[in-house]
Amino acid sequence: MDVISLCSDLIRCKSVTPIDDGAIECVSSFLKSLGFETTVLTFSSPDGSNSIKNLFAKYGSSKRKTLGFLGHTDVVPPGNDWETDPFAALQKNGFLIGRGAVDMKGSVSAFCCAVQQFIRQKFDGTIEFFITGDEEVGSYEGTRSLIKWVCENAYMPDDCLIGEPSSQKNLGDVISLGHRGSMNVMVKSYGKQGHSAYPENYKNSLSDLCRYVAKMVNYAWKHEDKRFPSTNLEPTLLFASNYAVNVVPDESSANLNIRFGGDYSADSLKQILLDEAKEFELSLEFFLSGEPYYCNDENLKRILSAAIKETSAIDPVFSTAGGTSDGRYMIRYCNIIEFGLLDAAMHQKNERVKISDLRKLEEIYLAFLQKYFA
Ligand SMILES: [Zn+2]
């Protein structure tokens with residue numbers, strides 16, 4: 001099957017998380033037709049309210065070397081005002097348009113088709129696919145459960161390619177080696193309600209909260225680990241349930257999101273945030289999305305760069321910019337490297353991929369497979 005047909009079939013599945021709409025089966029039946037052993041795994045939340053389809057597929061039994069590909073078939077909701085039906089997979093002016101075209105039904109299709117070509121020749125090694133139906137939301141019954149299952153069944157590969165969009169201006173210009181960590185903090189501030197004209201009678205929770213937020217936004221984060229962009233903290237919400245203009249609120253809250261490089265761990269950040277909060281009457285709750293991670297494997301970097309250079313005459317740069325990916329769950333068990341389509345259209349309306357880029361990505365992946373198993 002051709003990469004454009006496979007990608008179009010996948011786009012036609014309205015697989016907005018947690019709905020699958022046949023997307024996992026579409027990849028599974030394609031891989032089965034190539035001779036893969038496929039296992040569709042449905043994981044459910046303990047209370048049964050969420051159920052996600054995932055796919056594990058394996059080709060080859062050689063223990064010499066195992067390469068994994070991690071991808072997802074779920075997409076974010078399309079939103080309104082598209083110029084075409086977001087699930088029709090229409091082609092226009094050299095583009096294939098649809099939700100998931102770049103994130104990441106395109107690269108799933110490109111890797112599937114590269115493998116289809118690659119396994120026509122004999123090779124010594126094993127190829128595995130880890131395809132999840134929930135990367136975009138919580139990943140609990142998606143990537144996280146899938147990885148747990150893969151570990152329990154001893155299917156963890158030596159190395160894993162993640163097909164998330166990584167390219168910036170031209171396909172192949174950026175390989176992602178990792179990402180900063182991400183942590184959310186919910187801050188609650190406490191005071192005493194009162195009339196704003198009588199400062200002696202109240203303690204404004206919101207003033208304290210604003211002082212704390214300003215202090216943390218301006219915090220002098222160290223930046224010694226240059227593998228990552230510098231650490232930044234962004235307030236994403238300031239809230240007080242108070243609509244009177246002359247009443248100071250006794251309770252207010254803020255949400256902060258911190259992106260942090262290798263200079264910090266979640267624990268060391270927590271300590272800083274707590275220490276800086278001591279002068280105020282605040283409570284802090286922490287929600288870790290993932291620690292920073294980085295690909296240290298020189299061989300993966302070298303062969304992926306060479307595959308891109310050879311097929312597109314582009315010399316890629318390595319980057320750790322952008323949001324964290326499911327690589328954060330995988331990095332504990334194997335080497336990972338990320339490379340995929342242009343990231344500009346992801347999660348936007350009228351998401352589209354250049355048809356020539358899809359074909360080129362398949363070529364790059366094929367060259368990567370050849371070098372990996374050489
Ligand atoms: Zn994605």
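Helix H6 (residues 266–277) lies across strands S10, S14 (251–260) and S15, running at about 160° to S15. Helices (H or I, at least four residues) and strands (E, at least two) are DSSP runs, numbered from the N terminus. Axes are lines fitted to C-alpha atoms, for helices over the stretch in contact, and angles run from 0 to 180 degrees between N-to-C directions. Residues are in contact if their C-beta atoms, placed from the backbone, lie within 7 Å. The model is predicted: local features need pLDDT of at least 70, side-chain atom pairs count only at pLDDT 80 or more, and totals for chains, interfaces and linings use all residues. Residue numbers start from 1 along each chain as its sequence is written.

Turning to the sheet, four strands form an open arrangement in the order S12-S14-S10-S15, with antiparallel pairing; two strands pair if DSSP finds at least two bridges between them. Strand S12 (232–239) and strand S15 (282–290) each have a single partner strand and stand at the edges, so one side of each lacks a neighbour in the sheet. On average, neighbouring strands here are turned by 20° against each other, direction ignored. Strand S10 (residues 181–190) runs antiparallel to S15 and is joined to S15 by eight bridges. Opposite valine 185 stands phenylalanine 286 in S15.

Helices H7 (residues 298–312) and H9 (residues 355–372) pack at an angle of about 135°, their axes 8 Å apart. Residues of H7 including Ile303, Leu304 and Ile308 meet a set in H9 that includes Ile364, Ala367 and Phe368.

Technical notes
Two residues are in contact if their C-beta atoms, placed from the backbone, lie within 7 Å.
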